Every structure is written in structure tokens, then in C-alpha cells.
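Student: Please take one part of this model and examine it closely for me, stating the cut-offs behind each term as you go.

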Amino acid sequence: MKKFTALCATLIIGASLLDAHDMFLKLRSYIVEPNTNLTIALYNGTFDKSENIITRDRMIDASIVYPNGKRKRIYKNQWRDGWYETLLDLKVEKIGTHLVGVSTKAKIIELSAEDFNLYLAHDKVMDILAERKKNGETGKPARELYSKHIKTLVQVGDKRTGSFNTNLEYPIEIIPSQNPYNLKKGDEMGFQVLRDGKAVANQLVYASYAGFHGHLEDGSHEEAVTARTDNKGFGKIKFVESGEWYLRLIHMVKSDKKDIDYESNWATITFYID
């Protein structure tokens with residue numbers, strides 16, 4: 001009965017926090033030949049399902065970094081609406097690794113104490129939840145200012161290029177230390193988390209792959225890999241399976257802004273592992 005109640009609570013909080021879901025850039029194929037027309041889908045929801053489209057006025061930046069390191073802006077009129085995804089059609093011509101990124105405006109969400117605690121548990125913002133428990137704040141409601149910053153890597157042809165780790169100067173970013181298209185199942189990949197260009201220590205980072213569907217007792221999704229960054233913002237994950245992978249994090253801190261309790265920046269990066 002307790003498990004059923006927890007699951008129901010999780011489903012309710014998931015339905016009520018549509019805008020606070022993870023955001024990903026996804027492709028049917030991440031490894032393509034030159035002169036390929038791609039459709040990149042922006043998912044707002046989970047890695048498996050997008051719950052709603054994203055209006056273009058929310059996008060502060062959308063850009064592509066080519067294999068030669070040149071960055072080009074993606075204009076708002078290049079996007080179109082799918083059923084529940086926001087879609088971007090691009091033609092990739094040059095051989096090498098391409099980086100595509102999107103950064104969104106900050107929005108405010110206001111939650112009751114119970115809903116905020118459930119949300120922290122569901123999305124695994126465990127350090128803030130532990131802090132609230134330690135300080136006796138689990139009975140306090142919360143106003144949160146949040147924004148999302150997402151990237152994907154597309155490999156065109158056989159040549160791997162250094163554009164994979166370009167810093168887009170988003171408020172928060174996950175930057176791979178190796179080009180994932182040089183890696184395979186069983187390999188490890190390092191990464192660094194930067195907040196406003198500075199290393200983020202002790203940050204929880206989750207990673208998983210398409211087809212992994214573990215669930216915890218409270219009904220929330222369980223990722224395949226969990227890591228923490230060191231004092232220089234570096235972490236490492238092991239690719240336990242081939243396929244479409246993501247890394248994700250939510251960096252949340254108490255806010256000193258008027259009428260805002262917490263500020264969070266969400267980051268994801270997607271790519272494919274052979």
C-alpha cells in the first residue's frame with residue numbers, strides 16, 4: 001500500500017510539473033554520412049517521451065558548432081512544431097563531429113512544501129533535499145527560478161574532430177573530456193561540469209541509455225550510472241551498454257534574489273555509443 005501511495009504521489013507531481021521536466025536533443029541516427037538531412041527533436045519531458053513543444057520565445061540561444069570549430073546561430077524560424085516535440089531540420093555536409101546546443105530563458109515555478117519535496121526526490125536533486133531535511137525546511141513551500149541548457153553530438157563520416165568539447169558559454173554545461181565517437185561499450189568517458197565557466201565540485205550527474213527502464217520504489221526513474229564531480233568539476237562514467245546515451249544534471253542552489261527561494265540550471269548532453 002505504501003508503494004502504491006508513493007507511486008500515485010509521484011505520478012501526480014510528474015503531471016503537475018510539466019515545465020520542470022528534463023530536456024533533451026534527440027536524433028533517429030547520431031552517426032550519418034556527409035550531405036545528410038537531419039531532423040533533431042527537442043524533447044521536454046523524459047528521455048523516452050516529450051510532453052509538450054517549446055515556444056521559440058523561450059530559446060535564448062540555439063546554435064551549431066561545425067567540425068572546424070566555427071559556430072553558427074540557428075534561427076527561431078528554422079524550428080517547427082511536431083505533435084509533442086519541437087523539431088529542427090538541418091543538413092550536415094562536412095565530415096567530422098558536430099555540436100548542437102539550445103539554452104532557454106529562466107522561468108519561475110511555485111510549489112507547496114510537499115510538492116517541492118516530491119519533485120526533489122523524483123528528479124534526484126538529493127543534496128538540496130538532504131539540506132532541507134537537515135535544516136528543518138521540508139515544511140516550507142518554494143519558488144524556484146529554473147532554466148535548461150542542452151546539447152547533442154552528431155558524427156558525420158569517419159573523421160572525429162575536436163569540436164565535441166566546445167564551451168558554448170551556457171550558464172551550466174557538461175563538457176566531455178573525450179569524443180564519445182572514439183569510444184565503445186565498456187569504455188569510460190570523463191567530463192567536466194562548468195557553471196558560468198567555473199568548475200562545479202560535488203555535483204551529482206546521472207547517465208543512462210535508451211531502453212534502460214529501471215525504477216525505484218517511489219516510482220521514479222532510475223538511471224544506469226551515477227557520478228559526482230571532484231573539486232575541479234571532473235567526473236567519469238562507464239558505458240555499460242551500446243546505444244543512445246545521455247548525461248544529465250540539475251544544479252540547484254539557494255537564491256539571494258527577492259521572492260525566489262532556489263535557482264536551478266538543468267543540463268543534458270546526448271550522443272551514441274557503438
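Tutor: Strand β1 (residues 22-26) and strand β3 (residues 36-45) pair in the antiparallel sense over five bridges, where strands are DSSP runs of E with at least two residues, helices are runs of H or I with at least four, both numbered from the N terminus, and pairing requires at least two DSSP bridges between two strands. This is a predicted model, in which local features need pLDDT of at least 70 and side-chain atom pairs count only at pLDDT 80 or more, while totals for chains, interfaces and linings use all residues. Residues are numbered from 1 along each chain as its sequence is written, and side-chain values use heavy atoms, with hydrogens and water left out.

β1 is mostly covered, since five of its five residues are buried, buried meaning under 20% relative accessible area with a 1.4 Å probe and protein chains only. In a regular strand the side chains alternate between the two faces of the sheet. In β1, D22, F24 and K26 point one way, whereas M23 and L25 point the other way, and all of these residues are buried.

For a helical counterpart, turn to α2 (residues 113-122), where A113, F116, N117, Y119 and L120 are buried. Seen down the axis of α2, these buried residues fall within an arc of 160 degrees, so they line one face of the helix, the arc being taken from the directions from the helix axis to the C-beta atoms. After α2 comes K124, whose phi is positive, near 60 degrees.

Definitions and conventions
Buried means under 20% relative accessible area, exposed over 50%, partly exposed in between (1.4 Å probe, protein chains only).
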